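Hello,

Here is the structure for you to look over.

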Amino acid sequence: MPHEQDQTLGVASLLQTRPGSGRRDFSSHTTTMPQNIFTNPAIQPSSVINLSNSTDVVIGPMTQYQGPVSIYYMDASMQTAAVMKLLLKVHGERTARNRRTPERTYTSSPASRINPNNTSNNSRKKSKRLTRNTILLGLLVLLVLIMAIIIVFLELNRTHVGEMGLANKAILFGNSYADGTFPNLGNGHLIIDRDQWGSTDQPVNLTRPLIGPVPYVLITHIGVQSKPCNTMYKCSIKMRTIQDSSIAEKHLPDISSNFYVSDEGNIYVGRSWEWANTYANNTLAIAFMGDYERYVPTKRQFEGVQHLLSHGVAMQILDVNYKMIALNQTRDSLSPGVNVYREIKKWSHFYHCDWKKGPKCGSELGMKDADWLGHQ
């Protein structure tokens, strides 16, 4: 442990002189340390002190100093070496720091970073970009509008040309439909012509024309456990089957009724408005496509029949005061089935006649029982 010494420690008693150099005089030059170092113990002098050409150097307080003291001598060459070592150390630390943290690169030139007008230049460039984008967007909208106008013009022109082309065609149900597709009675009830459901190509030898205005409408059904059809494909097959059966088995010249109504409410053309049906000459026969002793007709079927009859009146083919009857009112038959008969009895044009109880149907026209057994 170091011990206290109550004596003055001077450089003259601690330094050794070089051989041959003689004793130096330390009395002529005295260096006084700042007073705050001695008066404030919290401030400690550096642990390494370099002395050069100094005399009467005092280290520490003049009264006491505790601890060992080491004094090193350094000439000019040693100072140079120390400085070089310090520079090499600083350089090495800087190099290591640069490796850990890449130097920041600037995309813009230094002049632009310090240019006070840089903000205004960026604003002008942004404004130019917005103006260019606005012009391109306006051109795009204008192009779309021009294309839309052209499409609408072509579509209207095509429809007009199509209607002009249909003007010379024989249209059974007026010209209220476009593009040469199926005639439409309204509310989506289509008219499927003979060519469209695939009628036979053989000539049909019908001899009795249907003379209007027709006073009676005769309602019947196919019967014979026939299942109703609800698509155009299935109903077209059923129409061809009915026609083949009428010609091959019943030895009729064509299909029996003037029109057929499907479960979907579409009307299939049989003998049309032109020729008398096979039941009675003074009637327009409409058949429900199915067995309606077993099946229940749809609302669309009844609606389709009403549209067809209204069209017949408008064309003056049907009498304005026509009478509607069922086939079982003219002969011993179940047609048109109890489910159809129950509904048509509610219609305003239904006529309550009966071939057994009377009055007999067609008696006001002079028709006899044989007139209801047509064989055409």
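**Disulfides and cavities**

The predicted model has 2 disulfides, a disulfide being a pair of cysteine sulfur atoms within 2.5 Å. Taking the bonded cysteines of the protein chain in sequence order, the pairing reads 1-2, 3-4.

A note on the ground rules. Residues are numbered from 1 along each chain as its sequence is written. This is a predicted model, so local features need pLDDT of at least 70 and side-chain atom pairs count only at pLDDT 80 or more, while totals for chains, interfaces and linings use all residues; side-chain values use heavy atoms, with hydrogens and water left out.

**Cys229 and Cys235**

These two cysteines form a disulfide with sulfur atoms 2.1 Å apart. The torsion about their S-S bond is about 110°, so this disulfide is right-handed. Buried means under 20% relative accessible area, exposed means over 50%, and partly exposed is in between (1.4 Å probe, protein chains only).

**Cys353 and Cys361**

Here the sulfur atoms are 1.7 Å apart, and the pair forms a disulfide. The link is right-handed, with 85° about the S-S bond. Cys353 is buried, with a relative accessible area of 4%. Cys361 is also buried, at 4%. Cys361 turns up again in the lining of the largest cavity.

**Cavities**

The count is 2 cavities of 30 Å³ or more. A cavity is a set of points, on a 1 Å grid over the protein atoms alone, where a 1.4 Å probe fits but cannot get out; lining residues have an atom within 4 Å of a point. Grid points are joined across faces, edges and corners, and a volume is the space filled by probe spheres set on the points.

The largest cavity holds about 60 Å³ of space. Its lining includes Trp355, Lys360, Met367, Asp369 and Trp372. By class, the lining has 4 nonpolar, 4 polar and 3 charged residues.

**Confidence**

The mean pLDDT of the protein chain is 77, and 65% of its residues reach 70 or more. pLDDT is the predictor's confidence in each residue, from 0 to 100. Over residues 1-31 pLDDT stays under 50, and the model has 32 contacts beyond four places in sequence for them. Contact means heavy atoms within 4.5 Å. Residues 161-179 also have pLDDT below 50, with 25 contacts beyond near neighbours in sequence.

Best wishes

Notes:
On a 1 Å grid over the protein atoms alone, a cavity is a set of points where a 1.4 Å probe fits but cannot get out, and a pocket is an open set with protein on both sides within 12 Å along at least five of seven lines; lining residues have an atom within 4 Å of a point. Ala, Val, Leu, Ile, Met, Phe, Trp, Tyr, Cys and Pro count as nonpolar, Asp, Glu, Lys and Arg as charged, and the others, Gly among them, as polar.
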